[in-house]
Amino acid sequence: MPASATKSLRVAVLADSDTRWKWGALTAQRLAPAGAGIRLDGYLLRGRATPTPRQLNEVGVRADSLHEVTGAGFLRAMTEESYDVLVLALVGGGVQAMLHGLRNAWGSGRRPVVVTGYVGVVYEKLADGLLLRHGADLVLANSRHDADRFRAVYEGVGADAAAVTEVALPFLGGAPYTGEHDPYTVVFAAQPSVPDNRRDRTYLLDRLIAHARRHPGREVLLKLRSKPGEHTTHIEELPYQKLVQGTDTPANFRLVYGHMGEVLDRTDLLVTVSSTAALEALHRRIPTVVLTDLGVREALGNHHFTGSGCLASWDQLDAGHRPVADPGWLARQGVAADGSYATAFDAARARIAGLLDRPGGLPPLNPYYTPETAPGYLPGILARHHLGPDGAPLPGAPAADRAPGPVRQIVRRAARGAYRHGVQRVAPVIRRMGEL
């Protein structure tokens, strides 16, 4: 199944949330050789954050086929279908489980090139997340900065670091910023889990509304990731939609959904705590602020932007501050505002082509974690995905070969509703009681 400029590339993407589907599907498209077609089959892992049709439509990536699957169902599909490339767009534990499951399913037989990576900025659990992804043929790093860190972690534990491949975030793009719009538009990119408490989220909302009042000639938008009842990659206990209810807001303030790229088309100033949207904006040379109001802290993720020139507070923004990003920092972070983005995936494409043309095919997958290297850690990860220590599906694993029937669908909707209620209502109450 050699990849060439004249042969269509068959790619499968397994994703567990809307954001990871976006990353995986766009990565798949970027990995196709120039001039080659691509057949893209999407598999959505059944779970808490399985994307809704609205979320999939908002991502704007079309697949030739799309299936909701269990882990066992996906593993079986990978033995029945033939692909050139498989992109695992999952949380670290999911990647590790699928690597072991696929190793068991494929054995020493013919298999596709397996690719994985990160959706955005890697600011926490670096070693944990990386070692859970070890075993894929390509572990994509979104910047030179990340590639250096990834290799250091792998080499530091004696794991093969050859899979680390420098690319860029696949969803960067859009027209460069050329000047102010009418009206001047400020966009706050909200995040589901940062900050993670009512006090800080209310503070940010109040400052955004106050900015709108202070600047009545500006349009001030609160860009939201999901609508009530939908789940994203991260759990959102305190949606801004609920926090803003009953608040007196000015006419120039409003909530918006939709594709981030379309929102950035009309943005003059992007404000966030640490959203990956900041990198999208910086790529387009849109003035971007990473807020310092709540401190510069690892828990917030804004520490990643030290040295960027983008750190500022609401007081500074209210006074008219417009940040200027540091070109050196941008280059190290793979933002490619200098126009080099077109070649960012060349190394990955070349590596995939070489692996597909490897005489005798590819060797079995070989993750760093095994029952010998991590006997107290790996079995639990595999069990959470209904896999045994050898990667084989456990007896009684969720049905893999059929969609849920009407009764099952009702039960699932009720379960998800109960989960949302627990996350968004009960959990905050318990947390507050614990703080008394």
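Start your tour at the open sheet: 7 strands sit in the order β3-β2-β1-β4-β5-β6-β7, with parallel pairing. Strands pair here if DSSP finds at least two bridges between them. Colour β3 (65-69) and β7 (164-166) next, since these are the edge strands, and each pairs on one side only. From one strand to the next, the twist averages 25°. That angle is taken between axes, which are lines fitted to C-alpha atoms (for helices over the stretch in contact), and angles run from 0 to 180 degrees between N-to-C directions.

A quick word on what you have open. This is a predicted model, in which local features need pLDDT of at least 70 and side-chain atom pairs count only at pLDDT 80 or more, while totals for chains, interfaces and linings use all residues. Residues are numbered from 1 along each chain as its sequence is written, and side-chain values use heavy atoms, with hydrogens and water left out.

**The whole chain**

Zoom out and switch to cartoon view. The chain has 15 helices and 13 strands; these are DSSP runs numbered from the N terminus, helices being H or I with at least four residues and strands being E with at least two. Of the 436 residues in the chain, 53% are buried. Buried means under 20% relative accessible area, exposed means over 50%, and partly exposed is in between (1.4 Å probe, protein chains only). Now think about contacts, meaning heavy atoms within 4.5 Å. Among those between residues at least 6 apart in sequence, 74% join residues at least 24 apart.

**Back to the sheet**

Select β6 and β7. These two strands run parallel and are joined by 3 bridges. Which residue is the bridge partner of Ala141 in β7? Click on Glu166 to see that partner.

**Salt bridges**

Time for side chains. A salt bridge here is a side-chain nitrogen of Lys or Arg within 4 Å of a carboxyl oxygen of Asp or Glu. How many salt bridges does a search of the whole structure find? The search finds 19.

Start with Asp41 and Arg39, which form a salt bridge with their closest N and O atoms 2.9 Å apart. Asp41 is buried, with a relative accessible area of 3%, whereas Arg39 is partly exposed, at 33%.

Then select Arg111 and Asp137, another salt bridge, with 2.8 Å between the closest N and O atoms. This pair links distant parts of the chain, 26 residues apart: Arg111 is in the loop between α4 (92-106) and β5 (113-117), and Asp137 is in the loop between α5 (126-133) and β6 (138-141). Both Arg111 and Asp137 are buried.

Next, show Arg207 and Asp318, whose side chains meet in a salt bridge at 3.1 Å, N to O. Arg207 lies in helix α7 (residues 198-214) and Asp318 in helix α11 (residues 314-318), so this pair ties together parts 111 residues apart in sequence. Arg207 and Asp318 are both buried.

**Rings**

Two numbers describe a pair of aromatic rings: the distance of the centres and the angle of the planes. Rings of Phe, Tyr and Trp (its six-membered ring) pair if their centres lie within 6.5 Å; planes under 30 degrees apart are stacked, over 60 edge-to-face, and the rest tilted. That rule gives 7 aromatic pairs.

Pick Tyr43 and Phe74: the ring centres are 5.4 Å apart and the planes are at 75°, so this pair is edge-to-face. Tyr43 lies in strand β2 (residues 38-45) and Phe74 in helix α3 (residues 71-80), so the pair ties together parts 31 residues apart in sequence. Tyr43 counts as buried at 5% relative accessibility, and Phe74 counts as buried at 0%.

Phe188 and Tyr240 are your next stop, an edge-to-face pair with 6.3 Å centre to centre and 80° between the planes. Phe188 and Tyr240 are both buried. For an aromatic cluster, select Tyr368, Tyr369 and Tyr377.

**Charges over rings**

A charge sits over a ring if NZ of Lys or CZ of Arg is within 6 Å of the ring centre and within 35 degrees of the ring normal. Look at Arg10, whose charged end sits over the ring of Tyr83, 4.7 Å from its centre. Finish at Arg133, whose charged end sits over the ring of Tyr118, 3.9 Å from its centre.
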